[in-house]
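The sequence and structure come first.

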Amino acid sequence: MLLDNNSLRSNNKLLTALPKSDFEHLAPHLELVSLTSGQSIYEAEEPIKYIYFPETAIISLLCIMNNGSSVEVGLVSNEGMVGIPVILGDNITTLNAIVQVPGNALRIDADTVKTEFDRGEAIQDLLLCYVKTIYLEVSQCAACNRLHTLEERLSRWLLTVADRLHSDEFPLTQEFISHMLGVRRSGVTVAASTLSKSGMINYHRGNIKILNREALEASSCECYQVIRNEYARLLDNSPQHHCD
C-alpha cells in the first residue's frame, strides 16, 4: 500500500527526522509492507531493489560464513534503514538481512532513494550521519564479540531489542539468539539461565521478559550504552547536530 497525501507520516524515526519538504519528496514512493519472522530481505551478493525503513519490525544484518555459521553485525528497527550500499554508490550487499521480529516497514525503490540522496541537502546529511552511526555500532559489536563474556553480550543484545521494540517482552528462541550472537545454542542456554536465576529475565517457550532492567544494564558491557548514546545523538532534534 502506497502512502497517499492524507497519510504523509511515518513511525520510522529516521524519516521523521527529515524536514517536511524532504519527506514529502519520498512519501508518494513509500509502500507499507508486512514482514514475517525469518523473512529474508536481502541475501549477500544480490542486487538491492528496495530500501526498507522499519516501523514495527526489527531486521538483523548477518555475516554468514561458507560453513553456514553466522553472526549479527547490525540491528535495524524504527531508528534506521536497511540498504546502505545504495546511497554509497553500490547496489550489492555483502550481508544477509533477515527479519528478527515481525512487523511493518516502509519500502521504497532503491533508485528513488539514490536520486533524492544525490540532490544533497538535509536528506544526504542525515543518511550520511546514519552511516557513521552504523559504522560505530558494527565496530563496537566487533570489539564486544571478541572481548566480552557471553553473559555480557546477551544482556546487551536483549536490552537493545527491548529498546527497539519499546517493550520488555518479546518472542525470541534460543536457536535464533545463538545465530545472532554467533555462539552455540548450549552457550545461550547457560547464559540465559544465569540471567534468569538472577531474576533479570524470564524465559519460557520462546518468549523473553525483562524483569529487572537496572540489573540487566549492570550485567551488560559498556557497549550497550555507547551504541545507545550514538543513536540518541543521531536522532537529536536538529539535523545539523547529528554528526558533530
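Over the ring of which residue does the charged end of Arg107 sit? Arg107 has its charged end over the ring of Tyr50. A charge sits over a ring if NZ of Lys or CZ of Arg is within 6 Å of the ring centre and within 35 degrees of the ring normal. Two such placements are listed here.

| Charged end | Ring | Distance to ring centre |
|---|---|---|
| Arg107 | Tyr50 | 4.0 Å |
| Arg164 | Tyr231 | 4.7 Å |

The model is predicted, with local features needing pLDDT of at least 70 and side-chain atom pairs pLDDT 80 or more, while totals for chains, interfaces and linings use all residues. Residues are numbered from 1 along each chain as its sequence is written, and side-chain values use heavy atoms, without hydrogens and water.

The count of aromatic pairs is one, where ring centres of Phe, Tyr and Trp (its six-membered ring) must lie within 6.5 Å, and planes under 30 degrees apart are stacked, over 60 edge-to-face and the rest tilted. Tyr42 and Tyr52 form an edge-to-face pair because their ring planes are at 65°, with centres 6.2 Å apart. Tyr42 belongs to strand β2 (residues 40–42) and Tyr52 to strand β3 (residues 50–54); strands are DSSP runs of E, at least two residues, and helices runs of H or I, at least four. Both tyrosines, Tyr42 and Tyr52, are buried (under 20% relative accessible area, 1.4 Å probe, protein chains only).

An open, antiparallel sheet has the strand order β8-β10-β9, pairing requiring at least two DSSP bridges. Its edge strands are β8 (169–171) and β9 (201–204). Three bridges join β8 to β10 (residues 207–210), and Glu169 has Lys209 as its bridge partner in β10.

Methods:
Buried < 20%, exposed > 50% of the residue type's maximum accessible area, 1.4 Å probe, protein only.
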